[in-house]
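Me: I have a new structure open and have not looked at it before. Can we go through it piece by piece?

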Amino acid sequence: MSRRSSRPRRTAAPALTALSPCPCGLPAAYGACCGRYHTGEEAAPTAEALMRSRYSAFVTGDAEYLLRTWHPATRPAELELDPGMRWSGLEIDGATEGTPFHSTGTVTFRARYRHHGQRGALHERSTFARVDGAWVYVDGTFLD
Ligand SMILES: [Zn+2]
């Protein structure tokens with residue numbers, strides 16, 4: 001049996017297809033939910049949708065999307081995602097403004113994770129703003 005050329009090593013992030021359940025927790029397929037924002041096909045219409053899509057980008061390891069949806073004033077020069085981090089669930093606690101009729105908004109959420117097997121949760125209120133019509137992440141305050 002001949003060996004096939006070796007494929008690139010699979011990264012630590014779980015493989016997600018357009019039909020996989022979306023990691024953001026909404027009852028939708030990834031491709032029809034956060035995936036269409038990740039590909040750039042569409043822009044998230046609300047701060048909450050952007051928040052969910054950024055969470056999903058952490059799950060899929062899409063640092064490029066995270067930087068692209070970060071406010072230019074607060075965006076880091078580069079972003080290296082911790083490969084020991086496994087995001088395991090998102091709950092939105094509340095949101096203020098952030099609709100298509102606003103230019104700023106906040107989203108309060110809890111994101112559960114395992115870091116090298118250790119369970120934890122991030123409780124944060126994130127601030128979002130619109131730049132050239134598109135929602136971007138500005139900064140966040142830890143609540144716990
Ligand atoms: Zn989603």
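Reply: Start with S2 and S3, which pair in the antiparallel sense over twelve bridges. Two strands pair if DSSP finds at least two bridges between them. Strands (E, at least two residues) and helices (H or I, at least four) are DSSP runs, numbered from the N terminus. This is a predicted model: local features need pLDDT of at least 70, side-chain atom pairs count only at pLDDT 80 or more, and totals for chains, interfaces and linings use all residues. Residues are numbered from 1 along each chain as its sequence is written.

Me: Which residue of S3 does Arg-110 stand opposite?
Reply: Arg-110 stands opposite His-123.

Me: And what is the strand order in the sheet?
Reply: The order is S1-S2-S3-S4, in an open sheet of four strands with antiparallel pairing. S1 and S4 each have a single partner strand, so one side of each has no neighbour in the sheet. From one strand to the next the twist averages 30 degrees.

Me: What packs on the sheet?
Reply: H2 does, touching S1, S2, S3 and S4. The direction of H2 makes about 170 degrees with that of S1. For such angles, axes are lines fitted to C-alpha atoms, for helices over the stretch in contact, and angles run from 0 to 180 degrees between N-to-C directions.

Me: Back to strands. How many bridges join S3 to S4?
Reply: Eight, between residues 118–131 and residues 134–142, running antiparallel. Ser-126 has Gly-140 in S4 as its bridge partner. The two strands form a hairpin with two residues between them, and Asp-132 in the turn has a positive phi of about 50 degrees.

Me: Which residues touch the most other members of the largest nonpolar core?
Reply: Leu-50, Tyr-55 and Phe-128, out of 26 residues. H2 (47–60) is among the elements that each supply at least two residues, and H2 gives the largest share, eight. A nonpolar core is a set of buried Ala, Val, Leu, Ile, Met, Phe, Trp, Tyr and Cys residues joined through C-beta atoms within 7 Å. Buried means 20 or more other C-beta atoms within 10 Å of the residue's own, with C-beta atoms placed from the backbone.

Me: Where is pLDDT under 50?
Reply: Over residues 5–11. pLDDT is the predictor's confidence in each residue, from 0 to 100. The chain has a mean of 92, and 90% of its residues reach 70 or more.

Me: How should low-pLDDT coordinates be read?
Reply: Where pLDDT is low, the predicted coordinates should not be read in detail.

How values were computed:
Buried ≥ 20, exposed ≤ 12 C-beta atoms within 10 Å, placed from the backbone. Contact = placed C-beta atoms within 7 Å.
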